[in-house]
Amino acid sequence: MQINTMRDAFLSSLYEEMKDNTKIFFLTADFGAPILDKIRTDFTSRFINVGIAEQNLINVAVGLALEGFTVYVYAIAPFITMRCLEQIRVNISILSQLRQMNINIIGVGAGVSYAMSGPTHHCLEDLSIMNTLPNVEIFSPSDYILAQEYVKRTIDNNNPKYIRFDAKPMNYIECSDYNFEKGYRILKKSTSKKAYICTGYMSQKILKESKNKDITIVDIFFINTFDIDSLRYELNHINEICTCEEGFIGAGGFDAIMNNTFKDKEVKNIGFKKQYTFNVGSREFIHNKNNL
């Protein structure tokens, strides 16, 4: 089973696109990666490191997008979503309703994938925060293949997008029978009346821990733009649903979207209670501390 990071898979595919597409521009807030060094070296005129200045990162990106560039901005997930929230709201969410702009906000470190760095680097609020903003698609993949496949959509879909990547390498999930454009995939089918609906790392975790259980598992990767009618049809036989996310529950995020989608079913939500974890340890240690 191959293991890779979402970031490397995505950026490697984007690098190939940049060879022929001179409209692609990449900006970072002093956050690196080996593949990023290659992008900076080979496409110097279309790469800017603004330094530790996420607010300016968004402002520069909007200027480029309004001039017709396809822009990618790259930083650690909690900082790119929270430190510059006003700039994202005003300059991207609001302005994009009047002026078309293709801006792709890449945040690395979803959930508690930066486990050892503590609550400043844990990103448990981003789904709730970004879900409040109109006109921004949220992409939350569960493996690197989905991340790689999303590159084409970032180029073809000329609207703002928030891309949340796990910081750790993750297993490839075998699932060939799905339509990417629908925004979800059925990882495990069952005739039982129960289903888990997950996103990101939790899709991996639930799939592993329910290996011998008769249950349906759904992986949502287009958080706010998935095909609702199609998913409701797929789960028509389901009575009980459990949503699973590595984020705060009861805060308007993934659970709120699923609760609203399946009002006619019994829905339970699993995630982090609204409190921060100061204990330092592995990801599973933090999960155990929070009864996940």
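**Figure 1. Asn 135 in the loop between helix 6 and strand 6.** In this predicted model, Asn 135 sits in the loop that runs between helix 6 (126-131) and strand 6 (137-139). Helices here are DSSP runs of H or I with at least four residues, strands are runs of E with at least two, and both are numbered from the N terminus. The phi angle of Asn 135 is near 75°, a positive value in a residue that isn't glycine. Asn 135 counts as partly exposed because its relative accessibility is 34% (buried is under 20% relative accessible area, exposed is over 50%, partly exposed is in between, with a 1.4 Å probe and protein chains only). Residues are numbered from 1 along each chain as its sequence is written, and side-chain values use heavy atoms, with hydrogens and water left out. As this is a predicted model, local features need pLDDT of at least 70 and side-chain atom pairs count only at pLDDT 80 or more, while totals for chains, interfaces and linings use all residues.

**Figure 2. Val 136, in the loop between helix 6 and strand 6.** Val 136 counts as buried, since its relative accessibility is 4%. Leaving out residues up to four places away in sequence, Val 136 touches Ser 93, Met 130, Pro 160, Lys 161, Tyr 162 and Asn 224; contact means heavy atoms within 4.5 Å. Val 136 and Asn 159 are 23 residues apart along the chain, and their C-alpha atoms are separated by 7.2 Å.

**Figure 3. Ile 138 in strand 6.** At 0% relative accessibility, Ile 138 counts as buried. Not counting residues up to four places away in sequence, Ile 138 touches Leu 127, Met 130 and Asn 131, then Tyr 162, and also Phe 221, Phe 222, Ile 223 and Asn 224. Asn 157 is 19 residues from Ile 138 along the chain, with 13 Å between the two C-alpha atoms.

**Figure 4. Asn 102 in strand 5 (residues 102-108).** Asn 102 has 3% relative accessibility, so it counts as buried. With neighbours within four places in sequence set aside, the contacts of Asn 102 include Ala 65, Phe 69, Thr 70 and Val 71. Also in contact with Asn 102 are Thr 154, Ile 155, Asn 157, Asn 158, Asn 159 and Lys 161. Thr 154 is 52 residues from Asn 102 in sequence, yet the pair is 7.8 Å apart in space, C-alpha to C-alpha.

**Figure 5. Ile 220 and the largest nonpolar core.** This core has 91 residues, and Phe 10 and Ile 220 have the most contacts inside it. A nonpolar core is a set of buried Ala, Val, Leu, Ile, Met, Phe, Trp, Tyr and Cys residues joined through side-chain atoms within 4.5 Å. Neighbours within four places aside, Ile 220 is in contact with Ser 140, Gly 183, Tyr 184, Ile 197, Cys 198, Thr 199, Phe 226, Leu 231, Phe 254 and Met 258.

**Figure 6. Helix 8 (residues 201-209) and what covers its buried residues.** Buried in helix 8 are Tyr 201, Met 202, Ser 203, Gln 204, Lys 205 and Ile 206. The cover over the buried residues of helix 8 includes strand 8 (170-171), strand 9 (184-188), strand 10 (194-198), strand 11 (216-220) and strand 12 (240-248). Helix 11 (283-289) is also part of that cover.

**Figure 7. Ile 241 in strand 12.** Ile 241 is another buried residue, at 4% relative accessibility. Setting aside neighbours within four places in sequence, Ile 241 is in contact with Ala 195, Ile 197, Leu 235, Phe 262, Lys 265, Glu 266, Val 267 and Lys 268. Tyr 196 lies 45 residues from Ile 241 in sequence and 5.8 Å from it in space, C-alpha to C-alpha.

**Figure 8. Asn 291, in the segment after helix 11.** Phi of Asn 291 is near 60°, a positive value for a residue other than glycine. Asn 291 is exposed, with a relative accessible area of 67%.
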